[in-house]
Amino acid sequence: MEVVIVPDAKAGGELIAEAMAKLLRRKPGALLGVATGSTPLPVYEALAAKVRSGAADVGRARIAQLDEYVGLPAEHPESYRSVLRREVLEPLGMGMDQFTGPDGTAEDVQGACEAYDKALSDAGGVDLQLLGIGTDGHIGFNEPCSSLASRTRIKTLTEQTRIDNARFFDGDIDQVPHHVITQGIGTILEARHLVLLATGEGKADAVAATVEGPIAAVCPASALQLHPHATVVVDEAAASKLKLADYFRHTYLNKPEWQGI
């Protein structure tokens, strides 16, 4: 995989937003996979700025969701559908008709998971999937020891994850759902381009395990090593545990400009 070390989160956001803009110029109807959380916000902010300036056109683009709470109404302010509407769709001037995601309120959850995998396939597949990473190496809600061939499925949240997420539910852990639907690692790997953004020293160990460690279910993000076009964008703090950091800086500095990321 390609590793790009940037000065800070803003630079990482700009780099990835430019890659998205170039993709949309080549393929105006591209399907962009997005993630929630604070890490990708600089990407969405930079892409929205490009849309406002006319440097990017999302009029025919489509957005695909990575994961969703089970049992939380779609209109709930903390459903990931609502979060993505606020943080991605509205700033980009996109409508919900350009959005696709799993039905977290379905009575048949397994059926909803299978239906979402099919919907992604029927849409032509994800062209670029943006990912974050947990301190334990998880991507989406694929926690350590998730199958590297897993499909979209229901997962049970750990108690720590529910404690961490309680801040979005008035500090009340009882309001945090116990389950989520997440794209599986096998599903994620079907995207044409995977872009993982990691910032901060707290992600350094996970980044090192992902890039330089063995491919192992204990670090789900290490499955990106299997992908033919995976890009890991990290700031200096998140890159601090990489043994080959100097090599990654050299290769990116000297790559042909036309290659992009």
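Tutor: What follows is a short talk about how some of the strands pair. Keep in mind that this is a predicted model.

Student: Ok. What is the order of the strands in the open sheet of three?

Tutor: The order is 4-8-7, and the pairing is antiparallel.

Student: Which are the edge strands there?

Tutor: Strand 4, residues 67-69, and strand 7, residues 153-156, each of which pairs on one side only. From one strand to the next, the twist averages 30°.

Student: How many bridges between strand 4 and strand 8?

Tutor: Three bridges, with strand 8 covering residues 179-182. As for a residue pair, Glu68 has Ile181 in strand 8 as its bridge partner.

Student: Changing topic: strand 6. Are its residues buried or exposed?

Tutor: Strand 6 spans residues 128-131, and both of its faces are covered. Leu128 and Leu130 lie on one side, Gln129 and Leu131 on the other, and all of them are buried.

Student: And what does strand 2 do with strand 6, parallel or antiparallel?

Tutor: Parallel: strand 2, residues 31-34, is joined to strand 6 by two bridges.

Student: How many bridges join strand 6 to strand 9?

Tutor: Four, and these two strands also run parallel. Strand 9 covers residues 193-198.

Technical notes
Residues are numbered from 1 along each chain as its sequence is written. This is a predicted model: local features need pLDDT of at least 70, side-chain atom pairs count only at pLDDT 80 or more; totals for chains, interfaces and linings use all residues. Side-chain values use heavy atoms; hydrogens and water are left out. Two strands pair if DSSP finds at least two bridges between them. Axes are lines fitted to C-alpha atoms, for helices over the stretch in contact, and angles run from 0 to 180 degrees between N-to-C directions. Buried means under 20% relative accessible area, exposed over 50%, partly exposed in between (1.4 Å probe, protein chains only).
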